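Here is a colleague's note for someone coming to this structure for the first time. Please read the points with the model open beside the text.

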Amino acid sequence: MSHFYHFDTLSLHAGQTVDSEFGARATPIYQTTSYVFPDTDTAASIFNLERGGHAYSRITNPTVGVLEQRIAALEGGSAAVCTASGMAATFCAITAILGQGDHIVASSQMYGGNISLMKNTLPRFGITTTFVDPTDVEGFHAALQDNTRLVYGELIGNPGLDILDLEGVAAICAENHIPFMVDATFNTPYLCRCFDYGVNITIHSVTKWMGGHGAAIGGVVIDGGNFDWGASDKYPTITDDYAPFSGINLWEEFGPSAYAMRIRAEAMRDIGPTMSPMNAFLLLQGIETLSLRMDKHLANTKVMLEYLSGHEQVSWVSHPDLSAHRSHALAKKYLPKGAGSIVSFGVKGGRDAGKAFIENVELASHLANVGDSKTLIIHPATTTHSRIDADALVAAGISDDMIRLSVGLEDVADIQADFETGFRAAKKIANS
Amino acid sequence: MGFSTRQIHAGVTPDPLTGSILTPIYQTTTYVQPSVDEYMTKGFTYSRSGNPTVRALELKLTDLEGGVDCSCFGTGMAAVQGVMLAFLNAGDHAVISDVAYGGTYRLCTKVLSRFGVEFTFADGSDPSAVAAAVRDNTKLFLTETPANPTMKCSDIAAISEIAKKAGAVHAVDNTFLTPYFQRPLEMGADMSIHSTTKYMDGHNATVGGAVISATMEHGDAVRFIQNSTGSIMSPQVAWLTLQGCKTLSLRMDQQSANAMAIAQYLEAHPKVEQVAYPGLESFAQHDLAKRQASGYGAMLWFEVKGGLEAGKKLMDAVEIWSLAENLGSVESLITHPVTMTHADVEEAERARVGIIDGLVRLSAGLEDVEDLIDALGKALDQV
């Protein structure tokens, strides 16, 4: 059905067939560990991936399955695998195809957790990363090595908010038979369907705008179904026979969803970063209002940009929808509805004034999340990006006075009134 | 099949669609009907009127109590209300145990009294007192045994006989012992009521109630109120309660054993004035408790020498035991009924039925009994 309906309809219906036993209109929460097999032959064939079906909730679960199909439909991918968190999605997405001796070319402007994974954790397993400036497309080409197996970036960089030129980077990847993976958390499929621009795999922290209510942690990897894994011998985890499953060949058996199946068969089975059915249910609820929420997030962001740009206590404002932003043209191309609801700005008076601002606002919550329905603020230099060194901070576009704002769904006048209280406190510090 | 097998399997069959070994949580409002003519053929229309997850719990509780039907409610009080509204009209009269949960007393005296229903609070430990309370318009007997908080026991079979003669229904609040220890329907009662919040859940996770009926006629009457007044149980609560029920017998056995050891310890303690636990031979109705139930439960009370002031000191000082309302959970709880669970029972009425100011109620949990006794001992040292 995913090919016949529009976005809002898909966000309500994709992946769900009405419960056949009772007709329940909402997706039942299959809070169960296991599934009773009708007979031993069926059990064996499910275990061998010869047929679909559920065996154990670490690997698949009917409620989580509805969420996976819904997100795959919204993103326009061939299949999706949900995980316990966004970081689990990134880890599984990478390790499904990379191993010891392999190399990643990645944007230097990413969520701190992604940078830390590539800089600190993956090297312990022999996977190295070269970070490049996302505004320099040619830089991605120049950083490619013989052992490069993945190019990775975020469409809207965190927290510098530079826009990655998807088509430019995708062309380099296609030419070199390397998959292009994008963390699409900040844009969601409502603002940009990355596969339309040559991206091969997307991941999301669905904790953020997709879920939208700050209620559940979760992640997802979506297979674009548009990468020819068989074009080279660089991806043996997809194209070689897979011994643990009676030597099945995922690429031959599953074609456009072979990559997702590898994550299912290996990461979910052997590592087990499984999303809980309860979280899947809550996230499904969130996705039902994704477009409504995103429209309001963008409308509020537009007002806040005007407000902050004209405020005497604000030293600078950064958002790709502002014409002065260096990614403004790319934002108009890839994110025509709006470039998301993350805004960064500087408070006059530096670090201490920024701190006073954060401590004196009340409505805006000070916490390390984005994409909640509630307005959130944070000081990246001392929190989300505190585990990366000073040079990397600069490379990531983070300054000491930067406040990252995730614009919520409140009445925008109330957000402004709240900010006024914060700015008054910041002004006292700046003038003292 | 035995109780422990049934507490795990009754009411639950593997999901036909996926094989899911547990009943899914049907967190849904409504059910898509196959066609106008096939309305209701799959059994569900709207989740106030019925929900597959809640139904699984209803079937399990029906089986465990040995009834024919069950209706689950949002709370134990909603279940009591369900029975009262099902069988009492304006001008009718009901005979209620004179010691009962304070909320039941409040429902009778402050709510249903406004609708012209009359109540007599009779001493259930004396069947002749119950028989003497019967009027021409008596339609319902509600017996709570053992009763909260004094542990007074009532003779279920004798009161069922009285009710039958009076042409009235007899409902027993079986919360304190559960069908694992006490089976009211087999002793002639028409209905068994539960606050599932207590032992059925057992983990302090949910509030819920249930009414199990011995006949479809009574079951239908209660279900009609469940749907009409809408005080229903949520699917999430039903699902958690389904999990709790699986260990009901294990918890009841262990918590009762803990309660017995604690009661014996307190009885021998020089600073304790009196202890009431149906399992103690010193308990006034020990013989009745022994005859009509296979266990004594995990509830007991005691009075510290020095009365209310000494009791307060103990409740404030004691560790491990949480000062809280509720009972029956794996966590041990200590409660002062006069200021907490039974604050809405008038002072004179409390005095009449023996809810003394110094009464300290204990709900023995699943902790190591040595730790529970040690904590009480240390608190008594400070009194």
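1. The C-alpha centres of domain 1 and domain 2 of chain B lie 26 Å apart. Domain 1 of chain B covers 3-245 and domain 2 of chain B covers 248-381, with bounds that come from an automatic or database domain assignment.

2. This is a predicted model, in which local features need pLDDT of at least 70 and side-chain atom pairs count only at pLDDT 80 or more, while totals for chains, interfaces and linings use all residues. Residues are numbered from 1 along each chain as its sequence is written, and chains are lettered from A and ligands numbered from 1 in the order in which they are written.

3. To the contact between these domains of chain B, domain 1 gives 32 residues and domain 2 gives 35 residues, where contact requires C-beta atoms, placed from the backbone, to lie within 7 Å. On the side of domain 1 of chain B that touches domain 2, the elements giving two or more residues are α1 (3-9), α4 (102-111) and α7 (178-181) of chain B; helices are DSSP runs (H or I, at least four residues), numbered from the N terminus.

4. Helix α3 (residues 76-87) of chain B and α4(B) have axes that come within 10 Å and cross at roughly 40 degrees, the axes being lines fitted to C-alpha atoms over the stretch in contact, with angles running from 0 to 180 degrees between N-to-C directions.

Conventions:
Two residues are in contact if their C-beta atoms, placed from the backbone, lie within 7 Å.
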